[in-house]
Amino acid sequence: MVEPLTLNLRFLARDLNLPQEKVQAVVSLLDEGLPVPFIARYRKDKTENLDEEILRQIEEELKYQRSLAERKLTILKTLEVQGKLTPELEQLIRDARSPKRLEDIYLPFKPKRRTLAFAARESGLEPLALEILNGTVAPENLDARAAEFINEDKKVKNAAEAIQGAGHIIAEMFSENLDLIVKTRENVHRYGKLVCERIAQPAAVSASTATPPEVKDGKPKEAVLPQEADEVKSEELTVNSGQPEEEPVAEPEQPQDETEQPGNTVAGSQEEPQAPTAETVAEQFEQWKETNAEKEGPKVISQNTLKKRKKEEIRKKKDEYRVKQQERFEHQFSEYFNFGSSLRNLPPHRVLAFNRGEHLKVLRVKIENDEEKTLYHVQDICVPQEHIHKNFLTGCLKDALHRLVLPFLEREIRRELTEQAETQSVKVFAKNLRSLLLQPPLYRKRVIALDPGFKHGCKVVPLDEFGNVLDFETVYFIGDDGRKEKAVQKIADFIRKYNINVVAIGNGTACRETEAIVANMLASQFSDADVSYTIVNEAGASVYSVSNVAKEEFPNYDNFLRGAVSIGRRLQDPLNELVKVEPASLGVGMYQHDLKNKQLQAMLDDVVGSCVNFVGVDLNSATPSILKYVAGLNQVTAKRIYDYRKEHGPYRNRHELKNVAGFGEATFTHAAGFLKIRDGENPLDETRVHPESYDTAAQILEKLGFTAGDLCNADKVKELAAKIETERVGELAAKFSAELNAGLYTVRDILEDLMRPGRDPRETLPPPVFKKGIVKLEDLSVGMELSGTILNVVDFGAFIDIGLHDAGLIHISQMSDGYIRDAHEKVAVGDVVRCWVSEIDPVKKRAALSMLPPGTVKQQPKPERKPFVSGEGLPRRENEPQQRKPPHRPREDRPAAARPPQTGTASPQAAGTNNSDRPRRADERAPRRDDNRRDDRRNGGRTEDRNPNREPKTYFAAAKKDEPKKLTEAQKTGKEVLRGFGELAQFLGQKEE
């Protein structure tokens, strides 16, 4: 009976570089079912103020460890049923700390498909393979021994086939050797290269080279040719007249009488009409064509020919489209046609680009590895030097590497690279999405939203301060001047009628043309008024306009008007509006459409929920779209809260939520602190103070000389904030925490909320850029200073809106005068930055930008590691000179500061790991243990992958420096030139003597 597995939190805490007590507390809270935002905000005293990001790391790592434990238990039970579970194997499985390690152990016991080795075993060749492997049969007797396994019924015809089958069995046994897999994996990661090459496309039929359907051999084909007669259906032509039953292209001059057509029989005739054959139809049609040609009648084309021409035209259009699409793809991936890079130097965005090019059948991607070098490194693992069948086993090892191990590792590495790249892409998307959602709202401003367009016109929708639609109209900027003037005047009338403050222009089609018109209108008609315009990213507005949420909000509006409303509202309150759109449609990611929907959606839902709970939700104005992201709520509960408000009116206090159907005590505890009520019965309902802490908050106010009612008085709030700042928040928190027997972090949060009740944390962020003029490409010059808004941040830089039709690019190298690893270190979506024009491309109509002022001297970057070149770094043979390493200092001879702490675990050097085992910062995500590093070896002071039979490493002392050659007599007398400083030192020393 397999004993259940227990999760050791010590390893989890070590991986996250956190105290085990904190991790234990977080795990206990998560197991209670508490949401992460609630733990981060209202359980700080138990977690000792761990932020939400670290809490999510613990939650993710906990799921990972439990999933790994479930897989271990499944494997153990499977092996127990098979009768193959030994105590040593069970301990090895229990100690595995990564899925990769676990699957390597389980590999020999996995059910296998039919392989060459499987067929050889069925033929009874396994005893021969074991005899060769164990060396119990001499090489000179091998053929005779193999002849004993000849069996025609088992498809072993001769001794050579028996030896070959034994070799297949040995090769499979080698491929399942754990040490061989680990060592080969290391070599591939160290020396392997990912190579891309262009896939040669077959010659496609284009419009310029295709033969028109009506031309063949240079002659027009106006009628059905004799060889096509078999394809003509008899019912399409009449027999006697040769005319088609369907209307021909041109009627003959003298049509035959209808009574002569077959099928028209005399009344009372006893003979049944017989259907004409295809040969008869073809013969009569040819006779009719000759007669018609002699009479110079009109040319006739059969219906079949017309159908063929139509099909040919459709096929030709498809071919033309396919050719153009292929040319576009090849241009897009042209820089990767002859590309190679070390596996260690591949950035994530390139991996995703390779995968997309491979999916579009433009690129062929593979991993190149020096098999000879790999064989040199792993030969000793499987083939002892003194083995009597060394040459045969070496051949089996080559076969195992080439046919089994390396293809398996190539698939594994490609999968790992893709997973790592997708994870990085999701992280980039999450960072950008968070910055986008937390853009500052435009409170108490009336907005007129413009959704530009050419064909369908420009949708104009004025909105009041709360996002309610005041009016709508469709205007057209394309056409004569009179039409354009009417459009401009209509917008101006809306601005005056509804006291509009800001014009929001969507950045889609016709954006810049609309911007020019609006800028001229504001300059000419509203130069003295406080009216400006801004460009709003409309990504996802069209997706929202056709969604069920939009149809419920505006059932009487068409999709274009709904999109315009969304553009205006996302300027007024970005968070409240953007949560209605699928995050993947917001256009702030990197290859997000190539990612797995489940992984992407889970991460983005966490980001949206984090932002919603960070800001808080107004309970009396929120829609179900945003309520469902509140901690503890779901879509059903959010809809019930909304319906209760519609039926009973606005909520007067938070405790009224308990009257909602399905809103229990646990749900109330999780969600109440994030739901705010303005102008309610209890002023504390407008703050982020949780109802469970209302008594503590009242006692704190009493000690400060105030009451909860004073929070409704702006002057009293200022007086309260001044008093708290004077006496310092930290000191007051420590004081009240001791007096009231309350948590220190809870008291501190209450004090900060009382200083600014109802505060929106987004108010401190910079507002969007408002304009009154436009920027054209012709206006730019190299070195010009501009101000723009960051639209998207990716691994290699950031795209910025400076007013041009296309966004400019700031490369990551132009963001700082020093080295930065991630563009998010400098900018985020929505940031307003100063930049300078570094390059202008008038052909592509785009500009390259820099955040460095002209003349800035960049620091020299670190030298890049030289990429691997095949043939370099090969192990030295015995007859080649070898450069010795510096002498290795024994552990006891090192200074105490240089020695790692003695914690009972193997050192990275002893375990064969790299610097991935270094302590991580508290805010740094722990790396996955199924990556290329071998940090999964360390396990409670043991090294799993180490072979106990392998000899320990031997460290060689460095070669002693050669003594300089002694001076010759000619050099001593100055008659011969000295050839170095060593000889010069000898010469000067001789003179002093």
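Mentor: The discussion below takes up the terms in turn, for a model that is predicted.

Trainee: What makes up the protein chain in terms of helices and strands?

Mentor: The protein chain contains 34 helices and 19 strands. Of its 993 residues, 43% are buried. The accessible surface amounts to about 55,600 Å², and carbon and sulfur atoms contribute 49% of that surface. Among contacts with a separation of 6 or more, 67% join residues 24 or more positions apart.

Trainee: Why is glutamate 176 called buried?

Mentor: The relative accessibility of glutamate 176 is 17%. The term buried applies under 20%, so glutamate 176 counts as buried at its 17%.

Trainee: Where does glutamate 176 lie, and which residues does it touch beyond four places in sequence?

Mentor: Glutamate 176 lies in the loop between helix 11 (159–175) and helix 12 (178–191). With residues up to four places away left out, glutamate 176 touches Leu107, Pro108, Lys112 and Ile181. The word "touches" is used because a contact requires heavy atoms within 4.5 Å.

Trainee: Is glycine 568 buried or exposed, and how do you know?

Mentor: Glycine 568 has a relative accessible area of 0%. The limit for buried is under 20%, and therefore glycine 568 is buried. Glycine 568 belongs to helix 22 (residues 559–572). Apart from neighbours within four places in sequence, glycine 568 is in contact with Val447, Ala449 and Leu463.

Trainee: How do you know that the length of helix 22 agrees with expectation?

Mentor: At 1.5 Å a residue, the 14 residues of helix 22 should span 20 Å. The end C-alpha atoms of helix 22 are 20 Å apart, so the two values agree.

Trainee: Why is helix 22 described as mostly covered?

Mentor: Twelve of the 14 residues of helix 22 are buried. The buried residues include Leu561, Arg562, Ile567, Arg569 and Arg570.

Trainee: What makes strand 4 and strand 5 the edge strands of their sheet?

Mentor: Three strands form an open sheet in the order 4-1-5, and the pairing is antiparallel. Strand 4 (338–342) and strand 5 (363–368) each pair on one side only, and these are the edge strands. Neighbouring strands of this sheet are turned by 15° against each other on average, direction ignored.

Trainee: How do you know that strand 1 and strand 4 pair?

Mentor: Pairing calls for at least two bridges. Strand 1 (residues 193–198) and strand 4 have five bridges, in the antiparallel sense. Within strand 4, serine 341 stands opposite leucine 194.

Trainee: Which strands does helix 15 touch as it packs on the sheet?

Mentor: Helix 15 (residues 348–359) touches strand 1, strand 4 and strand 5, and its direction makes about 125° with that of strand 5. Helix 17 (residues 390–437) also packs on the sheet, touching strand 1 and strand 5, with its direction at about 115° to that of strand 5.

Notes. Residues numbered from 1 in each chain as written. Predicted model: local features only at pLDDT ≥ 70, side-chain atom pairs only at ≥ 80, totals over all residues. Heavy atoms only, no water. Helix = DSSP H or I, 4+ residues; strand = E, 2+ residues; numbered from the N terminus. Buried < 20%, exposed > 50% of the residue type's maximum accessible area, 1.4 Å probe, protein only. Expected span 1.5 Å × (residues − 1). Axes fitted to C-alpha atoms, helices over the stretch in contact; angles between N-to-C directions. Areas by Shrake-Rupley, 256 points an atom, 1.4 Å probe, with all protein chains shown as cover.
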